[in-house]
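Thanks for coming. I have one structure to show today, and I will keep it short.

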Amino acid sequence: MSNNNATSVPEAYPMNGGDGTYSYTKNSSYQKAAANVAKTLIDEAIAEKLDIEDFSSASSSAFRIADLGCSVGPNTFACVQNIIEAVKQKYGSQMPDFHVFFNDHAANDFNTLFASLPPERHYFAAGVPGSFHGRLFPEASLHFAHSSYATHWLSKLPEEVTNKNSPAWNKGKIYYTTSPDQVFNAFAAQFRTDMAIFLEARAKELAAGGMMVLIMQTIPDGIHQSRIPSGIMFDFLGSILMEIAKEGLISEEEVDSFNIPVYTTTPNEMAELVERNGSFSIVKMESTSPWLKVGHIVNNTEQRLARELRAGMEGVFKTHFGSDIVDQVFDRLNDKSGQLINQLESSHRQGTQLFLALKRK
């Protein structure tokens with residue numbers, strides 16, 4: 001069956017595959033801590049709101065779970081196991097088989113993902129390549145959808161931020177942290193478009209009574225983007241690129257035509273988007289603070305911080321600048337990590353993660 005919604009292929013910047021020094025597998029402890037912070041909230045949402053009778057009309061006896069933006073593990077396996085245990089805790093022996101779908105862009109390293117599947121898992125596993133900015137599954141076929149630290153990636157970069165004739169041209173910067181309002185508005189508009197498509201697709205795919213949990217980076221009300229850790233880190237990477245440009249290794253035009261396609265939403269914005277979609281009720285929405293629990297990233301070795309950033313961001317840099325400049329960027333980041341750590345120490349870390357549990361009406 002073809003996906004009629006897939007009119008264009010969204011941009012894909014997968015996390016670093018394999019299990020090498022700069023792999024996401026070995027350098028994703030922040031994402032692990034973020035998922036751990038959310039575990040209790042997921043347990044509570046399932047215990048209080050999941051109703052197995054809602055799934056009695058499903059087309060088979062399997063309880064279907066999708067992890068959207070799964071990357072290469074091991075965090076996805078831990079998240080899936082937590083969900084399964086919470087469902088079993090509520091329903092015990094009444095539960096059918098579990099069928100888990102691991103989704104990410106086709107460029108994701110699915111080989112590494114499946115080579116590291118837990119051997120003692122109690123579920124059937126399948127890979128689903130494709131963008132979650134569109135349909136991925138048959139109608140009403142899922143019972144639980146989960147996505148952690150993936151929906152902040154935009155399906156594409158807003159065209160106007162790299163157009164020198166646009167008032168939203170983001171000259172000399174690679175993110176909207178300290179840019180004019182026009183730049184921020186362009187990013188925000190793209191996110192709202194993407195999230196509307198995302199929610200519409202999931203509304204079709206989830207069975208009535210099905211649940212979806214989104215774990216996303218967020219910005220608290222009244223806090224400027226330049227004060228939260230992600231904004232600080234992206235600005236720091238931008239300053240390194242401009243330094244390389246001033247040395248003539250790349251042109252400033254190459255920097256001007258590059259922006260990181262990521263957006264940090266607010267709780268109010270997400271609530272409005274869910275309400276506008278109309279297919280979900282908000283079961284639980286809570287801001288949490290994983291940065292308060294991952295001091296080892298900020299306070300541990302400077303090399304560790306550089307590796308964590310490289311594992312997650314190398315793909316988007318390599319696509320635009322090539323491998324040689326990627327090495328330059330992250331080697332310099334490694335050398336300057338002490339400066340970045342000092343800036344992160346004074347960042348606003350409270351309430352920078354959003355836990356959102358939705359139930360399909």
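This is a predicted model: local features need pLDDT of at least 70, side-chain atom pairs count only at pLDDT 80 or more; totals for chains, interfaces and linings use all residues.

The chain has 361 residues, and 56% of them count as buried. There are 10 helices and seven strands. If you take contacts between residues at least 6 apart in sequence, 83% join residues at least 24 apart.

Now the cores. The largest nonpolar core has 69 residues, and the members that touch the most others are Leu 241 and Phe 317. Helix α5, residues 229-246, supplies the largest share of this core, with 10 residues. What does Leu 241 contact, once neighbours within four places in sequence are left aside? The list is Ile 174, Ile 250, Val 255, Phe 258, Phe 317, Phe 321, Ile 325 and Val 329. There is also a second, separate core of 31 residues, and among its members are Leu 41, Ile 83, Tyr 149 and Phe 355.

Last, the helix pair. Helix α4 covers residues 181-205 and helix α7 covers residues 267-277; their axes come within 10 Å and cross at roughly 45 degrees. That angle lies between 35 and 65 degrees, so α4 and α7 are oblique to each other. The crossing is right-handed. On the α4 side, the contact residues are Ala 188, Phe 191, Arg 192, Met 195, Leu 199, Glu 200 and Ala 203. They meet Glu 269, Met 270, Leu 273, Val 274 and Asn 277 in α7. By class, that contact has eight nonpolar, one polar and three charged residues.

That is the end of my part.

Note on methods. Residues are numbered from 1 along each chain as its sequence is written. Side-chain values use heavy atoms; hydrogens and water are left out. Axes are lines fitted to C-alpha atoms, for helices over the stretch in contact, and angles run from 0 to 180 degrees between N-to-C directions. Helices (H or I, at least four residues) and strands (E, at least two) are DSSP runs, numbered from the N terminus. Angles under 35 degrees count as roughly parallel, over 145 as roughly antiparallel, 65 to 115 as roughly perpendicular and the rest as oblique. A crossing is left-handed if the near helix is turned anticlockwise from the far one by less than a right angle, and right-handed if clockwise. Contact means heavy atoms within 4.5 Å. Ala, Val, Leu, Ile, Met, Phe, Trp, Tyr, Cys and Pro count as nonpolar, Asp, Glu, Lys and Arg as charged, and the others, Gly among them, as polar. A nonpolar core is a set of buried Ala, Val, Leu, Ile, Met, Phe, Trp, Tyr and Cys residues joined through side-chain atoms within 4.5 Å. Buried means under 20% relative accessible area, exposed over 50%, partly exposed in between (1.4 Å probe, protein chains only).
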